[in-house]
Amino acid sequence: MAEFINPAIVPKVTLPSGEEVPCMGMGTFGSDRVSAEDVSAAVAGAIRSGYRMFDCAACYGNEHQIGEVFQEAFREGVVERKDLFIMTKVWNDMHRKVEEACLKSISDLKCEYLDLYFIHWPFPNYHAPGCDVNSRNPDSRPFSVEEFMDTYRQCEALVEKGVIRYIGISNMTIPKLEAVLPLMKIRPAACELELHVCFQQQELYDYLVAHNIQPVGYMPLGSPRRPERDICPEDVADLQLPEMKEIAAAHGGVHPALIALKWAHQRGEISIPFSVHNYASNLKCVTEDPLTEEEMKKIATLEKGNRLVKGQVFLWEGAKDWHDLWDEDGVIVK
Ligand SMILES: NC(=O)c1ccc[n+]([C@@H]2O[C@H](COP(=O)([O-])OP(=O)(O)OC[C@H]3O[C@@H](n4cnc5c(N)ncnc54)[C@H](OP(=O)(O)O)[C@@H]3O)[C@@H](O)[C@H]2O)c1
């Protein structure tokens, strides 16, 4: 049985509403390598180890199995529903039917309501999970403020109905945020974005903080076992960097993964590492032995602009390449 970390000692992050939530949740994407059964078994263990936040998604194909695990934990009295902070996401093929997608996730997760519901990608461009990076959907279109806001309005209606507590956005850029934030009635509580030592996205990070939107960092360990299709020869392995190994050695020879998670926490984000073997040590590491200011500064220099989730499958006809998804010149690419 994995070690228990008292949730009361897990550091908290304050959402724009003033609510305090854990600084770490568990990711649940099996990366095409870990079965739904093994992911849900890890979620069962993680609840019993003290995790109170979980990052799910309809497209991970395992909400049903995770729901069984939540139900079991409620039935056994390990936790009550209100003790958990459950996040999930609407997939790209359901942008016109957000309520239906949301109710399906709630029913699969057996969780009555959602704490935070993300729009997983800012366009409705659908591709089946697991497809090859070179496949293109002829119906794919560039970002549209009107289409995005239609999806967002449906999320706002779900808040008003009490079905979800907060709205989240994900895989956004500053130009897209500039276009849509002024149009929102209910501000997003959080934005999920790729954040790790070799991809720190400092400008977007600072923008989110300045606009009172909590950054939630995905792939905080540089996703060493990400799906084959997301691996490029030029990618850098964050946890293999000599500087990370050096800092890990200075902290009693721990795994560099724990250094990456301490850094993410001390930077102020919520991190959502996935793990079937190390989830307890991951949660524990943010409760003890912080990095020094110097170590934080050293890690800040390790930025390499190494985006791992490039998003090729969401490209539309006429798009140049994956860079078009990320508005790198400061304007929305159409
Ligand atoms: N919004 C989005 O578009 C989006 C995109 C991608 C991901 N996400 C979310 O972010 C979560 C995390 O991303 P990810 O799963 O791709 O990558 P990650 O959390 O960076 O890395 C997970 C990998 O690291 C290993 N690991 C975890 N803790 C470790 C430790 N202490 N020591 C050594 N190895 C360790 C895990 O192996 P073990 O299982 O063996 O521990 C697993 O293979 C996902 O699960 C998902 O919930 C969201």
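# A first look at the chain and its ligand

Welcome! In this model, 31 residues surround the ligand, the closest being Gly-27, Leu-221, Ser-223, Phe-274 and Asn-278; a residue counts as near a molecule if its C-beta atom, placed from the backbone, lies within 6 Å of it. The model is predicted, with local features needing pLDDT of at least 70 and side-chain atom pairs counting only at pLDDT 80 or more, while totals for chains, interfaces and linings use all residues. Residue numbers start from 1 along each chain as its sequence is written.

**Around the ligand**

- The shell is made up of 13 nonpolar, 14 polar and four charged residues. Here Ala, Val, Leu, Ile, Met, Phe, Trp, Tyr, Cys and Pro count as nonpolar, Asp, Glu, Lys and Arg as charged, and the others, Gly among them, as polar.
- Helix H8 (256-267) and helix H9 (279-285) each give the shell at least two residues.
- Ser-223, one of the closest residues to the ligand, sits in the loop between strand E9 (214-218) and helix H7 (242-250).
- Ser-223 has a phi near 40°, a positive value in a residue other than glycine. Most residues other than glycine have a negative phi.
- Ser-223 counts as buried because it has 22 C-beta neighbours inside 10 Å. The cut-offs are 20 or more other C-beta atoms within 10 Å of a residue's own for buried, 12 or fewer for exposed, and anything in between for partly exposed, with C-beta atoms placed from the backbone.

**The chain as a whole**

- The protein chain holds ten helices and ten strands. These are DSSP runs numbered from the N terminus, with helices (H or I) of at least four residues and strands (E) of at least two.
- A compact globule of 334 residues would have a radius of gyration near 20 Å, and the protein chain agrees with its 19 Å. The radius is taken over C-alpha atoms, and the globule rule is 2.2 Å times the number of residues to the power 0.38.
- The C-alpha trace spans about 50 × 45 × 35 Å along its principal axes.
- Of the 334 residues, 43% count as buried.
- Among contacts with a separation of 6 or more, 74% join residues 24 or more positions apart. Two residues are in contact if their C-beta atoms, placed from the backbone, lie within 7 Å.

**Helix H3 and its partners**

- The axes of helix H3 (residues 98-109) and helix H4 (residues 145-161) come within 9 Å and cross at roughly 50°, which makes H3 oblique to H4. Axes are lines fitted to C-alpha atoms, for helices over the stretch in contact, and angles run from 0 to 180 degrees between N-to-C directions. Angles under 35 degrees count as roughly parallel, over 145 as roughly antiparallel, 65 to 115 as roughly perpendicular, and the rest as oblique.
- Val-98, Glu-99 and Cys-102 of H3 make this contact with Thr-151, Gln-154, Cys-155 and Leu-158 of H4.
- Helix H2 (residues 63-75) and H3 have axes that come within 6 Å and cross at roughly 45°, so H2 and H3 are oblique to each other.
- On the H2 side are Glu-63, His-64, Ile-66, Gly-67 and Phe-70, which meet Ser-105, Asp-108 and Leu-109 in H3.

**Two loop residues**

- Lys-110 lies in the loop between H3 and strand E6 (114-119), and its phi is positive, near 50°. Lys-110 counts as partly exposed because it has 17 C-beta neighbours inside 10 Å.
- Gln-200 lies in the loop between strand E8 (190-194) and helix H6 (202-210). Gln-200 counts as buried, with 22 C-beta neighbours inside 10 Å.
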